[in-house]
There are 2 protein chains.
Amino acid sequence: MSLPQAAARYLQVKDFILERIAGGTLRAGERVPSENELTRTLTVSRMTANRALRELAADGVLVRVAGVGTFVAEQRVHAHPLEVRNIADEIRSRGHEYRVKVLALESVSASRELAERCGVKMGAQLDYSLLTHFADAAPLQVEERYVNPQVAPGYLRNDFSRTTPHEFLIRVAPLQRAEHIVRALVPERRIRRLLRLEPGEACLLIMRRTFSHGRIASVADLYHPGSRYELAANCQPR
Amino acid sequence: MSLPQAAARYLQVKDFILERIAGGTLRAGERVPSENELTRTLTVSRMTANRALRELAADGVLVRVAGVGTFVAEQRVHAHPLEVRNIADEIRSRGHEYRVKVLALESVSASRELAERCGVKMGAQLDYSLLTHFADAAPLQVEERYVNPQVAPGYLRNDFSRTTPHEFLIRVAPLQRAEHIVRALVPERRIRRLLRLEPGEACLLIMRRTFSHGRIASVADLYHPGSRYELAANCQPR
DNA sequence: ACCCTGGACCTGTATAGACAACTAGCTCCC
DNA sequence: GGGAGCTAGTTGTCTATACAGGTCCAGGGT
């Protein structure tokens, strides 16, 4: 029986910055408040502000120049092999119209199983979303996602019609590593209906965990209709 | 005209740890000196030691457990993204007995469709094999493969009980590049029976093309039972 | 017109001290 | 014998303070 532990102050500072970037108040190239300004406005010590800015810089979110200031980094493209690409781009690049439907968007308390998968304690709050991505009129992906707000804050306030979860996460919690497990299955009824699967149609499930700041930023189950989706991957051995 | 700037002390501490890991003094799972120990032995402040260990943990080199200590992280497997590993090794490494059954092994004439997929002219001769790979008694992969004898000769004479197609091809036609397409489906009856699928069970299909000497060496369809097989892939962006 | 020097402000680093939360092991008491 | 509670050690965080070095600009001297 304990009060929800207040987030560490350096995390609050990071959130302060990340929210302003995600919300558009701070744009690429712009100057973010200096350590001393943060010390005054957020009443934290300079070392705490320093840690926040330093970690954001290490993650590539900010760029720091000694003697000058700290700036929002230019957006960098994260195209690495087997990156499951942004579903919106993927759909648009094939000449279809992209549309997303938000079926759920809320904060949930982690069950034991979920907590283990997300690397948090049981009962911790996680941001949850359930989306369907459409190519023209046909559903192409059901995305069920849990986001750790400690790592990627502000997820629930994202406007998914403009920014896909993928895009949001890349911006807010720079991708360090991703883990994929791919399975084929005939899914439960809920997913079948959302994907409008034919009876007996299979489904490609990609279970994805993304890491940022050395922690799990997000856990996603991506369901795709077997008849209309395939995953391509190229390997260049070295 | 300045003396070579001494490295920051937290960097010296990081090096101290990294050198001991590289040199074998510290092995995976072993405990590294605590912050207080480093404070004493290296005469740095605890915050400096803390920063060094914290950053190494963020990089995945160390694992820290509050109240317990700091440990060298277990070696991360650096599997090539979506490299489909040798199925025999994969089965054996999970503690199962590997067995293969050769269902067909012959030379065939390429149909129009097949010729296109294999990058040869219609009617060209291709080596064909149909194998089932077993883990203990259960089929884990049905492998249907076409090999271009111009690129990888001698395929039909291979002893598959000793050398998997994968191993053979790697030896005969050095792998230059691989192309994968992954699909989920409920397969045709022939595959269902070979994989002993439950009614309505899905199947993970990996369609693989390997390139050698700039040409397509082999085209393979790898069918896996959805309930007993999953594909793992990790991405380390750089 | 040019230089150059100070000061203001910034990041980068280092330290000492403090408190919290957690863990493992020990002791003590029942 | 076993459970409760204490304790030492560990990580995690926060603060106040200090100094070094980089950058930029304004103002003054040449």
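Reader: Which side chain has an N or O atom 3.2 Å from a base nitrogen of DNA strand C?

Author: A polar contact is a pair of N or O atoms within 3.5 Å, and in this predicted model the side chain of R46(B) places an N or O atom 3.2 Å from a base nitrogen of DNA strand C. The model is predicted, with local features needing pLDDT of at least 70 and side-chain atom pairs pLDDT 80 or more, while totals for chains, interfaces and linings use all residues. Residues are numbered from 1 along each chain as its sequence is written, chains are lettered from A and ligands numbered from 1 in the order written, and side-chain values use heavy atoms, without hydrogens and water.

Reader: How many residues surround DNA strand C, and which are the closest?

Author: A residue counts as near a strand if one of its heavy atoms lies within 4 Å of it; 28 residues surround DNA strand C, the closest being R46(A), R64(A), T70(A), R9(B) and T48(B). Of the atoms of DNA strand C that come within 4 Å of the protein, 67% belong to sugar and phosphate.

Reader: Which element gives the most to the surface near DNA strand C?

Author: Helices are DSSP runs of H or I with at least four residues, strands runs of E with at least two, numbered from the N terminus; here α3(B) gives the most, with four residues.

Notes. A polar contact is a pair of N or O atoms within 3.5 Å; within protein, one must be able to donate a hydrogen and the other to accept it, and residues adjacent in sequence count only if both atoms are side-chain atoms.
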